[in-house]
Amino acid sequence: MDAVELGLFAGRIGAVCDEMGAVLRRAAFSPNIRDRLDFSCAVFDAEGELAAQAAHIPVHLGSMAYAMRDLVGRTGWAPGDQVVVNDPFLGGTHLPDVTLIAPVFVEGALVAFVASRAHHANIGADAPGSMPLSRTLEEEGVILPPAHLWRGGEREPAPWEAIVAATGGGPEVEGDFAAQASANRAGVARMEALAAELGVEGLGRALDALQDYGERMSRAALAQLPAGAYTFTDYLDDDGAGQTDLPIRVALTIDAEGVAVDLTGTAGQTPGNVNCPLAVAAAAVFYAFRCLMPAGTPACAGAFRPIALHAPEGCLVNARRPAAVAAGNVETSSRLVDAVLGALAEAIPERIPAASQGTMNNVAMGGVGEGAGSGWHYYETLGGGTGAGRDGGGLSGVHSHMTNTLNTPVEALEMAYPLRVAAYRLRRGPGGAGARRGGDGLERTYELRAPARITLLTERRRHAPWGLAGGADGAPGEHRWNDTPLPGKTTFTAAAGDHLTIATPGGGGWGRPAGNNEEP
């Protein structure tokens with residue numbers, strides 16, 4: 001396969017993922033999937049190696065790239081099958097992220113897989129929004145080990161009944177699962193057409209060539225990094241269960257063989273829910289290095305071959321069952337990116353920006369009590385400031401790093417839930433000062449139109465996003481319930497008419513401000 005053919009193939013297989021995402025978005029019922037785009041789609045080869053992904057959510061796709069080979073190898077497959085999984089210790093991330101996997105068969109041969117992963121705001125936790133302040137995995141919702149949800153095109157009753165029993169079913173639950181299944185069917189059809197054109201053996205050769213090309217591109221990019229050992233330690237504020245200042249330590253060793261990432265020295269797993277499985281840690285590490293690669297590098301497993309990862313079993317980023325992980329997927333992954341970038345800033349300071357907001361600012365809420373109108377589930381992550389770099393200031397009011405979602409538009413939010421957005425604006429001033437200023441955060445105020453149970457899972461409320469090269473730190477985030485300040489991780493019941501304000505962190509600044517000649 002020559003360079004032109006390989007380029008065309010990479011474009012075509014990437015377009016399969018894009019089409020899957022378009023189908024999922026248009027068919028989904030929930031605002032979280034339909035409007036916020038909290039989903040991801042990917043194609044894998046017959047061994048479960050990532051072959052292509054759309055530009056969706058890094059924490060979804062990096063973790064699938066790490067865990068998929070194991071997952072598909074222990075399942076029997078036939079045409080028309082779709083396997084469901086959300087178990088974080090068997091290939092998932094956290095329970096709201098539900099993955100559907102479908103095989104692609106051509107002439108009786110298994111040639112590929114397609115997968116869609118989407119965040120379901122109701123996955124059966126006691127707390128509305130299914131992002132509780134949990135201490136065990138079982139508190140976070142229904143646990144779905146790998147099982148056939150569709151077999152030969154027909155839905156299997158047992159796993160579906162478990163989902164309905166946990167969530168209460170309803171049009172939104174049914175519609176979102178049907179949307180994921182439809183996205184997979186679209187992906188299967190496109191991959192079947194591609195295989196029919198290239199032939200089964202031709203498709204296999206093209207997938208192998210794509211993986212090898214991704215590896216070559218990755219090695220060429222990593223070869224530009226100066227050899228050596230680099231370390232950085234960053235901290236989580238707390239675990240929501242009394243443990244504070246939890247270190248995440250990254251040690252990078254860069255040599256001619258590639259990069260070794262050692263997370264020894266990271267805090268042990270905690271009683272709270274900031275733990276994460278190793279697949280989530282891998283997603284954060286892969287993402288950070290993917291940012292250093294040329295834009296044309298295929299988003300495939302081959303690009304990650306030169307990166308070795310080690311994390312001691314039982315630590316915060318390689319937790320053991322039944323550790324609670326709801327916030328690990330969103331908050332700990334974000335801090336791990338900061339720590340990896342902090343270590344890389346020691347190696348290539350001119351290419352690495354200051355810390356971005358370092359949190360997804362998770363807001364989950366829903367109805368309390370019985371009766372009509374009490375069964376709603378709202379979940380959202382909020383943007384903030386990104387870090388400044390040598391070549392420019394940070395962006396304001398955007399999602400960064402491990403999340404790549406949109407906000408829920410005010411109109412969609414107010415139409416779907418008993419909420420009113422009383423204020424929504426940029427938070428002026430939290431970006432760190434410097435020769436290049438960090439981006440500013442957001443401020444969003446919700447007015448409740450009905451009683452609700454609210455959970456906040458946030459970070460960077462105590463440990464500010466750091467600046468670089470003499471730039472100042474960004475300002476931490478803060479919350480208020482009416483006039484009462486709230487901690488970064490909390491759950492409470494609010495009444496109709498109450499107000500909740502979320503003010504998100506700014507990004508760190510880069511470089512000394514003009515006229516400041518003092519040492520940083």
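Tutor: Let's look at S130, which lies in the loop between β5 and β6 (147–151); helices here (H or I, at least four residues) and strands (E, at least two) are DSSP runs, numbered from the N terminus. This is a predicted model, in which local features need pLDDT of at least 70 and side-chain atom pairs count only at pLDDT 80 or more, while totals for chains, interfaces and linings use all residues. Residues are numbered from 1 along each chain as its sequence is written, and side-chain values use heavy atoms, with hydrogens and water left out.

Most residues other than glycine have a negative phi, and most peptide bonds are trans. S130 is buried, because its relative accessibility is 0%; the cut-offs are under 20% relative accessible area for buried, over 50% for exposed and partly exposed in between, with a 1.4 Å probe and protein chains only.

E107 also has a positive phi, about 55°, without being a glycine. This residue is in the loop between β4 (97–106) and β5 (109–119). With 76% relative accessibility, E107 counts as exposed, whereas S130 at 0% is buried. The other backbone feature to check is a cis peptide bond between R321 and P322, with omega about 10°. P322 sits in the loop between β11 and α8 (328–347).

From the backbone we can move on to the rings. Rings of Phe, Tyr and Trp (its six-membered ring) pair if their centres lie within 6.5 Å; planes under 30 degrees apart count as stacked, over 60 as edge-to-face and the rest as tilted. That rule gives eight aromatic pairs. One of them is F286 with F304: the centres are 4.3 Å apart and the planes are at 5°, so this pair is stacked. It links distant parts of the chain, since F286 is in helix α7 (residues 278–290) and F304, 18 residues away, is in the loop between α7 and β11 (307–310). F286 is buried at 9% relative accessibility, and F304 is buried at 12%.

W376 and Y417 make a tilted pair, with 5.9 Å from centre to centre and 45° between the planes. W376 lies in the loop between β12 (362–367) and β13 (377–380), and Y417 in the loop between α9 (410–416) and β14 (419–427), so the pair ties together parts 41 residues apart in sequence. Both partners are buried. They belong to one aromatic cluster along with Y378 and Y446.

Rings also take part in another arrangement: a charge sits over a ring if NZ of Lys or CZ of Arg is within 6 Å of the ring centre and within 35 degrees of the ring normal. R444 places its charged end over the ring of Y424, 4.2 Å from the centre. R155 lies over the face of W160, also with 4.2 Å to the ring centre.

Next come the helices. Two packed helices are described by the angle between their axes and the distance between the axes. Helix α1 (residues 3–27) packs on helix α6 (residues 200–222) at about 95°, and the axes are 10 Å apart; axes are lines fitted to C-alpha atoms, for helices over the stretch in contact, and angles run from 0 to 180 degrees between N-to-C directions. The two helices are therefore roughly perpendicular, a term for 65 to 115 degrees, with under 35 counting as roughly parallel, over 145 as roughly antiparallel and the rest as oblique. L6, F9, A10 and I13 of α1 meet L203, A206, L207, A209, L210 and Y213 of α6, where contact means heavy atoms within 4.5 Å. The contact has ten nonpolar residues, no polar and no charged; Ala, Val, Leu, Ile, Met, Phe, Trp, Tyr, Cys and Pro count as nonpolar, Asp, Glu, Lys and Arg as charged, and the others, Gly among them, as polar.

Finally, V259 is a residue of strand β10 (residues 258–262), buried at 3% relative accessibility. Leaving out residues up to four places away in sequence, V259 touches L222, T253, I254, F289, P306, I307 and A308.
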